[in-house]
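The structure comes first, then a walk through the details.

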Amino acid sequence: MALSASTVSYQKRIARQKMIRGLLFISPAILGFFIFTLIPVITSLYYSFTNYNILQPERWVGLDNYLSLFQDDYFILSLKNTLFMVVIGLSIHLTFDLLVALLLNVKIRGISIFRTIFYLPTITPVVASAVLWLLIFNGRIGLLNSALNLVGIAPVGWLTNPDWTKPSYILMGMWAGGQTILIFLAGLQDVPTEQLESAELDGAGAIAKTWNITLPSISPVIFYLMVLNLIGYFQIFTDAWVLTSTREGGAGGPANSLLFYSMYLYQNAFQRFKMGYASSQAWVLLIIVLIATFFLFRSSGWVYYRSEDR
Amino acid sequence: MSVQTGTVLSSSSTIKKKSLFYLGRKKREQLGRTLAFTIMCVLGFFYAFPFYWTLNTALKTDKQVYTWPPTIFPPTPQWINFQLATDAIPFWSYMRNTFVICALVIIGTVVSCTLIAYGFSRINFKGREALFIVYLSTIMLPSQVTLIPLYIFYRKLGWVGTILPLVVPSYFGSVAYVFMLRQFFRTIPNELSDAAFMDGASDFQILWQIMLPLCRPALATIALLTFIGTYQDFLGPLIYLTNQAEWTIAIGLNMFKNMNYQDWQLMMAASALSMMPMLILYFFTQRTLIQGITLTGIKG
């Protein structure tokens, strides 16, 4: 009896010691969680119910900020532009990147060289590549219009015509999809070869094999990239800002066709110092992202997990 | 028995049937491969050409930039443009500022993530998994939500206009890299550290002498990804570096663009120079980097 009691207390002491050691090691994470996440999230919710311009103390206004958000034409426009990118832009980008990865996976020669080239734009500093695309899109001397001129097509206002700015922006994003291509490619290399071979013996063609075996096998990767990019596309800022920002500090492009959610939030917070209003924008964003992610997960019945992955 | 032989026979006969097709199939495969290769070459050209165009434009005279048809190859490369561009803005000072921030952030990230990941993977304490899930879930939070309160917080501390808001948070860990390192630490057998622990080694000794030598590739990947991310960061410096002397290259380049909309050759020269550190790094560390991306990508 006495022995077992001391064993129990010994084990308790060990457990407590482990607890202290463990918490000590993760203490930066715990502190960071409170300082940089939890407290700011709560304060942000509080600010969203106030008027606050930093210089004067904040004033409680209840739901006013949220109500005026939905009467704010710029807010509605920025939300529409962002949703366009999340739905249309993301679909185009993922489909394109997947196609490139599928082609790269056909064990062609020089695959490592192609991989290097496709990843190069991702490694390029965003500001530098946006400046470069400004030159490519330039109406007078840009590469695209020069090429069009060569085949006798009238120049396009890539960044000056509000109807063209979004396609241009999507095109620029296609160039920078190297990371997605690499992740797809890594997923493709895990597709079970036995299944592909047996399908081949059954006389399945390349398209049938891709559709029935390859795509289901990499559906977890597709889903993962959808979730990851969904959140990312709601936060678009840098490249669109560099493309459209002017000397006077404005941004958003012609007719604000490239005014995205985070850009308008930035303008309200750091150019107009409407901290309360911008906080309510941030919270609406959080709610939209949560709802979108929820529905994405709800509709993930098409994602196929191999039994060994479970 | 008889059933088995039957299946073997029938399956071998299907193979024979297919083998009539076999040459055709092989040829078709060859054709598909050639087609894929051709498409890749065309695509690769489109991906690489903008880089060539950057350099090409950077080496033109101001007149050549505007001539039609565009010069595909500058007849007399204007190397002086690089000099002019770095004189037009305090380029090297922006570069130095960027590297200082990068160095401090890399140190902070690597050290803090190593400690946190060790705690989350090698010390088995109660409630660890629950804590980790809470910690991991914060990765879903859009950074815009914490942006404004943090700005107000740093302002009260008097940190706006200094590099501190960009550097200090990295000393408190970064969720994605902690996750990645934790995955890595978990692959190292417990026996190794347990034996050392029995011999009276402290956690820090285990971490330093057993874990770290095995995790060098993972740590290198984290350092690399942190460097790339910090070098490119735009929003953070835009908000916090209010003093032009503190600007990073990303902010400086955007400002140069805003001020100087006509001198494309200088803008491209500055752009090309700012790409250089990344490109050089990429060519030397490609393997580590690509492994890291696919690792964090798939397992993330």
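A salt bridge here is a side-chain nitrogen of Lys or Arg within 4 Å of a carboxyl oxygen of Asp or Glu. Keep in mind that this is a predicted model. By that cut-off, the count between chain B and chain A is 1 salt bridge.

**Where the chains meet**

That one bridge sits in a contact built from 94 residues of chain B and 97 residues of chain A. About 8,600 Å² is buried between chain B and chain A, and carbon and sulfur atoms give 77% of that area. On the polar side of things, 14 residue pairs are in polar contact between chain B and chain A, counting pairs with both residues at pLDDT 80 or more. Which element of chain B gives the most to the side that touches chain A? That would be helix 1 (residues 2–58) of chain B, with 20 residues. Sorted by class, the side of chain B that touches chain A has 66 nonpolar, 19 polar and 9 charged residues.

Side chains of opposite charge can pair when their charged atoms come close. Searching the whole structure turns up 3 salt bridges over all chains. B:D203 belongs to helix 10 (residues 203–214) of chain B and A:R21 to helix 1 (residues 2–47) of chain A, so this pair joins two chains. Here are the bridges with their N to O distances:

| Pair | N to O distance |
|---|---|
| B:D203 and A:R21 | 2.6 Å |
| B:R128 and B:E129 | 3.0 Å |
| B:E129 and B:R182 | 3.3 Å |

Are the partners in the bridge between the chains buried or exposed? B:D203 is buried, with a relative accessible area of 8%, and A:R21 is buried too, at 17%. Both count as buried because each value is under the 20% cut-off.

Over in chain B, B:R128, B:E129 and B:R182 are linked in a network of salt bridges. B:E129 takes part in the bridge with B:R128 and also in the one with B:R182. As for accessibility, B:R182 counts as buried at 5%, and B:R128 is buried with a relative accessible area of 11%. B:E129, on the other hand, is partly exposed at 38%.

**A loop residue in chain A**

One more residue deserves a stop. A:N138 lies in the loop between helix 5 (126–137) and helix 6 (143–150) of chain A. Which residues does A:N138 touch, not counting those up to four places away in sequence? They are A:N145 and, across in the other chain, B:W264. A polar atom of the A:N138 side chain lies 3.1 Å from the backbone nitrogen of A:I141. With a relative accessible area of 16%, A:N138 falls under 20% and is therefore buried.

Terms used
Residues numbered from 1 in each chain as written. Chains lettered and ligands numbered in written order. Predicted model: local features only at pLDDT ≥ 70, side-chain atom pairs only at ≥ 80, totals over all residues. Heavy atoms only, no water. Contact = heavy atoms within 4.5 Å. Buried area = accessible area lost by both parts, 1.4 Å probe. Polar contact = N/O pair within 3.5 Å; in protein donor to acceptor, adjacent residues only side chain to side chain. Helix = DSSP H or I, 4+ residues; strand = E, 2+ residues; numbered from the N terminus. Nonpolar A, V, L, I, M, F, W, Y, C, P; charged D, E, K, R; others polar. Buried < 20%, exposed > 50% of the residue type's maximum accessible area, 1.4 Å probe, protein only.
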